[in-house]
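Let's walk through a protein model together, one question at a time. Have the sequence and the 3D view open, and try each question before you read on.

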Amino acid sequence: MTILPFFAAVVVVQLFSSLTVAEIKSLTISNDSRPIILLEKFGIIEIGHVTVSVSSVSVSSPSSSPVPDSSKLGFFVLSEESLPEVLLELQKNFSFCVLDSHYILYFFTFIDLSPPPRSQFNRSYPITSPNDYSLFFANCVPETRVSMNVRAEIYHNLDPDGSRDYLLAGSTQLPGLYLVFSLCYLSFLCFWFCFCWNNMQIVKRIHLLMTVLLLVKSLTLICAAMYKHYVKVTGTAHGWNIVFYIFHFISVVLLFMVIVLVGNGWCFLKPKLHGKEKKLLMIVVPLQVLANIASIVIGETGPYTQDWVIWNQIFLLADVTSCCAIVFAMVWSMCCLRETSKTDGKAVKNLAKLPVFRNFNVLVIGYLFFTRIVVVVMKMEADFRYQWVSNASEEIATLAFYSLMFYIFRPMEKNEYFDVDDEEETAELSSRNKSLGSETI
């Protein structure tokens, strides 16, 4: 079996994966027969170092096969500029071993593990040429299975005193970026809390849920800043990645719940959810839970795992399906409202909410399109030095979306969105008071 199809598949994975944060990672490869394994993707601006350590190495092959050639199993680094040249070599000769290419940065092969029983080895290499790189393991011996523990350490040298930056190119700005946005959301939360406090008489349950959303979003960004800071300085997250994933999970689920509830007028136009709104929540929330689980698996593992591509597909499918369900439900509600108003005199009054519905739908669609498509394209097309720009764009778009949504549905007595339901709420309260009065008598 040739290495070219597998190498081409890895190239596709590279295109759709962003740069690693380059934290110190310990990988376990068990009984793997893949010809090529992408371990890490990283960018180097000035002088970087790559250290690879392997231990507990074992190589197995079918009993009928000869002893595998140890020089055909090893590690190498490939720059993005040299990638087309290596693909051309493989295309010309399907049996060509990528470890023999002149376009790779050769690290070491399993021949360095000899003589037996030595099964561990480590080596560090400086990288002085600025570029976008990928760390690979190649297995050029067909039907050979490899098991080993790999420790990859990639960093920049900042000063002559030996200080290191493990976030590397395109990510080193992330701690400060997330800290700035966390302060923006905390300020937003204080302002929103004061505004709701001054309008306590007309604050509804949805406003309390929106307050919780702002609080969780602020905590998420604080944890993200701490997570990236510790990775930048020490190469490990010190547990902040777990806290970040928890708050990120809650914030995303809360955001989609708020979008569904606000878009269907809960607490504004109706005191309770109808059957279709409940079904929509039962579809969107589990899909977002699945998407977040897949996102955590993707973030904590890497392309070296055999199921990594499958988890990426699960994440994309669940996230896109939930977004489409929300958009479809909003458009369907507007169409039903417009059709009902032609025959129902009571529904004519509710046509006043159509402009606000339309504006909110456009806002949601624009936000989902930008964060799910435009940001991904930016990550793929941006130079490795400016990968942080896509993160900044996503946070700016999210902050703008929060600001407009909270402004449109703020607690105010004279709000065009709320006024539509004033008569219905008054009638409902009067009927409830009458029923209570009759029971008392």
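Q: Which hand does the crossing of H4 and H10 have, left or right?
A: Keep in mind that this is a predicted model. If you look at where H4 and H10 cross, the crossing is left-handed.

Q: Are H4 and H10 roughly parallel or roughly antiparallel to each other?
A: Their axes cross at roughly 165° and come within 12 Å. Angles over 145 degrees count as roughly antiparallel. So H4 and H10 are roughly antiparallel.

Q: How many nonpolar residues are there in the contact of H4 with H10?
A: On the H4 side you'll find Met210, Leu213, Leu214, Lys217 and Leu221, and they meet Glu395, Thr398, Tyr402, Met405 and Phe406 in H10. Sorting the residues of this contact gives 2 charged, 1 polar and, for the nonpolar ones, 7.

Q: How are H3 and H4 arranged, roughly parallel or roughly antiparallel?
A: Helix H3 covers residues 174-198 and helix H4 covers residues 205-234. They pack with their axes 8 Å apart, at an angle of about 160°. Over 145 degrees counts as roughly antiparallel, so that's the word for H3 and H4: roughly antiparallel.

Q: How many charged residues are in the contact of H3 with H4?
A: The crossing of H3 and H4 is left-handed. Its contact residues divide into 17 nonpolar and 5 polar ones, and the charged ones number 3.

Q: Which element gives the largest share of the largest nonpolar core?
A: This core has 55 residues, and Phe360, Phe401 and Tyr402 have the most contacts inside it. The elements giving two or more residues to the core include H3, H4, H7 and H10. The largest share is 12 residues, and it comes from H4.

Q: Which residues does Phe360 touch, leaving aside neighbours within four places in sequence?
A: Phe360 is one of the residues with the most contacts inside the largest nonpolar core. Leaving those close neighbours aside, the contacts of Phe360 are Ile259, Val262, Gly263, Met330, Met405 and Phe409.

Q: Is Asp319 buried or exposed?
A: You'll find Asp319 in helix H7, which runs over residues 308-340. Not counting residues up to four places away in sequence, Asp319 touches Phe256, Gln288, Ala291 and Arg372. Buried means under 20% relative accessible area, and Asp319 has 7% relative accessibility, so Asp319 counts as buried.

Methods
Residues numbered from 1 in each chain as written. Predicted model: local features only at pLDDT ≥ 70, side-chain atom pairs only at ≥ 80, totals over all residues. Heavy atoms only, no water. Helix = DSSP H or I, 4+ residues; strand = E, 2+ residues; numbered from the N terminus. Buried < 20%, exposed > 50% of the residue type's maximum accessible area, 1.4 Å probe, protein only. Contact = heavy atoms within 4.5 Å. Axes fitted to C-alpha atoms, helices over the stretch in contact; angles between N-to-C directions. Parallel < 35°, antiparallel > 145°, perpendicular 65-115°, else oblique. Left-handed = near helix turned anticlockwise from the far one by under 90°. Nonpolar A, V, L, I, M, F, W, Y, C, P; charged D, E, K, R; others polar. Core = buried A, V, L, I, M, F, W, Y, C linked by side-chain atoms within 4.5 Å.
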